[in-house]
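Please look over this structure with me.

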Amino acid sequence: MKLSEIDDIKLKKVEERKIMINRVVLVGRMTRDPELRRTNSGAAVTSFTLALNRNYNSADGVQADYIPCVVWNRVAENVEKYCSKGSLIGIEGRLRSRNYDNAQGQKVYVVEVVCDSVQFLETRASIERRQSQHQQPSFDQMNLHNEESQLIDLEKDFDNSFNSFDIMDDDLQF
């Protein structure tokens, strides 16, 4: 075999192994509570839909994209336990397409994100805390009416000496 034939064979092998990238990174809010299910073998699987705000309004008035997501095993259990409708999460994963026949015998095509990683940016507990704070007036709101008539002179209480610099003309570059 000649050297050029060996190079051709190597080149063909490299062309066959072209790298494809399938990575998805999203941050959005859950549109509904996550649904935890178990497979026949007992593996946990949780599915949810992530709403992502668009930077523009489309012609049909839709201002968000709704992305179906699925997560497996221990992460699936944690998502179901700590997240709920409205939770802000970040996901990293890959796109997967699949199809199945529904009860009416029609072929249904699905494209979804299979999440490798889920970051809880705002959990169920923080949403509940925020909602309870909106329902109950805070200490600042209750005392706002008492302090509205009082003007506070912050300048006399604020010592700005730590922000002063002693710059000489020789220090300037221009």
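1. Start with one pair. Arg23 and Asp116 join their side chains in a salt bridge, with N and O 3.0 Å apart. A salt bridge here is a side-chain nitrogen of Lys or Arg within 4 Å of a carboxyl oxygen of Asp or Glu. This pair links distant parts of the chain, 93 residues apart. Arg23 sits in the loop between helix H1 (3-16) and strand E1 (24-30). Asp116 belongs to strand E6 (residues 107-122). Helices (H or I, at least four residues) and strands (E, at least two) are DSSP runs, numbered from the N terminus.

2. Keep the source in mind. This is a predicted model; local features need pLDDT of at least 70, side-chain atom pairs count only at pLDDT 80 or more, and totals for chains, interfaces and linings use all residues. Residues are numbered from 1 along each chain as its sequence is written, and side-chain values use heavy atoms, with hydrogens and water left out.

3. Buried means under 20% relative accessible area, exposed over 50%, and partly exposed in between (1.4 Å probe, protein chains only).

4. Asp116 has another partner. Its side chain meets that of Arg94 in a salt bridge of 2.9 Å, N to O. Asp116 lies in strand E6 and Arg94 in strand E5 (residues 88-101), so the pair ties together parts 22 residues apart in sequence. Arg94 is partly exposed, with 36% relative accessibility.

5. Which residues make up the network? Salt bridges link Arg23, Glu92, Arg94 and Asp116.

6. Now a further pair. Glu35 forms a salt bridge with Arg32, and their closest N and O atoms are 3.0 Å apart. Glu35 is partly exposed at 40%. Arg32 is partly exposed at 30%. The count of salt bridges comes to 10.

7. Check the confidence. The mean pLDDT (the predictor's confidence in each residue, from 0 to 100) is 78 for the protein, and 66% of its residues reach 70 or more. Confidence is highest in E1, at 96, and lowest in helix H4 (residues 139-147), at a mean of 45.

8. Take care with one stretch. Over residues 138-158 pLDDT stays under 50, and the model has 2 contacts there beyond four places in sequence. Contact means heavy atoms within 4.5 Å. Where pLDDT is low, the predicted coordinates should not be read in detail.
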